[in-house]
Amino acid sequence: MKWDDQQFMAAALGLAARGRGAVEPNPMVGAVIVRDGQVIGEGWHARFGGAHAEVEAITNARGRGQDVAGATMYVTLEPCSHTGKTPPCAEAVIEAKLARVVIAMIDPFERVAGSGVRRLREAGVTVEVGLCEREAHELNAAFVKRVTMGLPWVVLKWAQTVDGRIATATGDSQWISCEASRRRVHEWRARVDAVMVGAGTAVADDPQLTARDVAVHRLARPVVVDPNLRTPTTGRLATASAKRLTLAVDEAVLAAGGEAVQQWQAKGTSLVGLPRLDGNEGMLDLRPLLRGLVEQHDATNVLVEGGAGLAGALLSQGLVDQVLAFVAPKVAGDASALGAVRGWTLGRMADALPLRLHDVERIEEDVLLDYRVGEARG
């Protein structure tokens, strides 16, 4: 049975996803070359700095002994038209004499943004755009946000009991979720650009914020939002990751240059001063922190692991894109136990922040709920 256009593009999207965690800050891209209803070549962008999907597909086809001239290419993102880490993919397609190129979505990156399509058409290649566009946009939502808004994709993660508690009143949370769920978190850490926690978590848990016992695709930057600079200079973050660590503090605390500031600076730690919203008692404005992670470290994905105050600050400032909640088969039954989010007063349930359910997955006896938050504000 021959596949149709949509099935070929679906195959290209599946190939693209193989680059997750290895290609950022580039987008994930997959390509399939077809002649007479049969796949003769396929490729994907496998690593940052490596060959792009279009070139990989052409090379793969030729390695199979196939001539790609006159064939059709299905590609998940518009071929680039500029020289970056690699030569322009649009030129590679033209030189290979492909007759037709079906593109899922236009590249929003300003150096491409339609120029690849124009170059292909100028060379006489038939170009079609928009097949599986929604799926392609969803695949690269983090890339799209970064290049259009200058902000990373922010994933807020927590584990909770069935009655919505993330820790006891004393702060104990080990362990709510099962071992398989915790392993999943380490897999996420291994492919994001930064892992962020609040000062309460840093002080109480003395975390490492590293990926352990999994294949590491990216070395995530640890980030602690610590307005009053309470993170201990003798903790595990200080001893193992001081030079990679970013501490976000009240700009007044940083300007005062106290002993803690001097100790952290002596360790080579990056201290970022942030203003407070709504006066001296307000929460820190976290938007400059996130923009800085993009501008200085090319961050595309940031995983936020707690606590409740930081979660509330990010949500109230419209900076969260995705919520991942592990629900464990446990009931805390304690009104004083800690909830996942705090930071605002709710008078009516109708005013609660709405989320859109994207996926549900069972992990042993836990349930992973994957939500999308409303469009983040730029």
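## Surroundings of Lys267

Apart from neighbours within four places in sequence, Lys267 is in contact (heavy atoms within 4.5 Å) with Thr233, Ala238, Ala242 and Lys243. The model is predicted: local features need pLDDT of at least 70, side-chain atom pairs count only at pLDDT 80 or more, and totals for chains, interfaces and linings use all residues. Residues are numbered from 1 along each chain as its sequence is written, and side-chain values use heavy atoms, with hydrogens and water left out.

Lys267 sits in the loop between α11 (259-266) and β11 (270-274); helices (H or I, at least four residues) and strands (E, at least two) are DSSP runs, numbered from the N terminus. With a relative accessible area of 29%, Lys267 is partly exposed, a class between buried (under 20%) and exposed (over 50%), using a 1.4 Å probe and protein chains only.

## A five-strand sheet

Five strands form an open sheet in the order β2-β1-β3-β4-β5, with mixed pairing; two strands pair if DSSP finds at least two bridges between them. Its edge strands, β2 (38-44) and β5 (126-129), each pair on one side only.

Within the sheet, β3 (residues 72-75) and β4 (residues 100-103) run parallel and are joined by four bridges. Met73 stands opposite Val101 in β4.

## Leu355

Leu355 belongs to strand β15 (residues 355-363). This residue counts as partly exposed because its relative accessibility is 38%.
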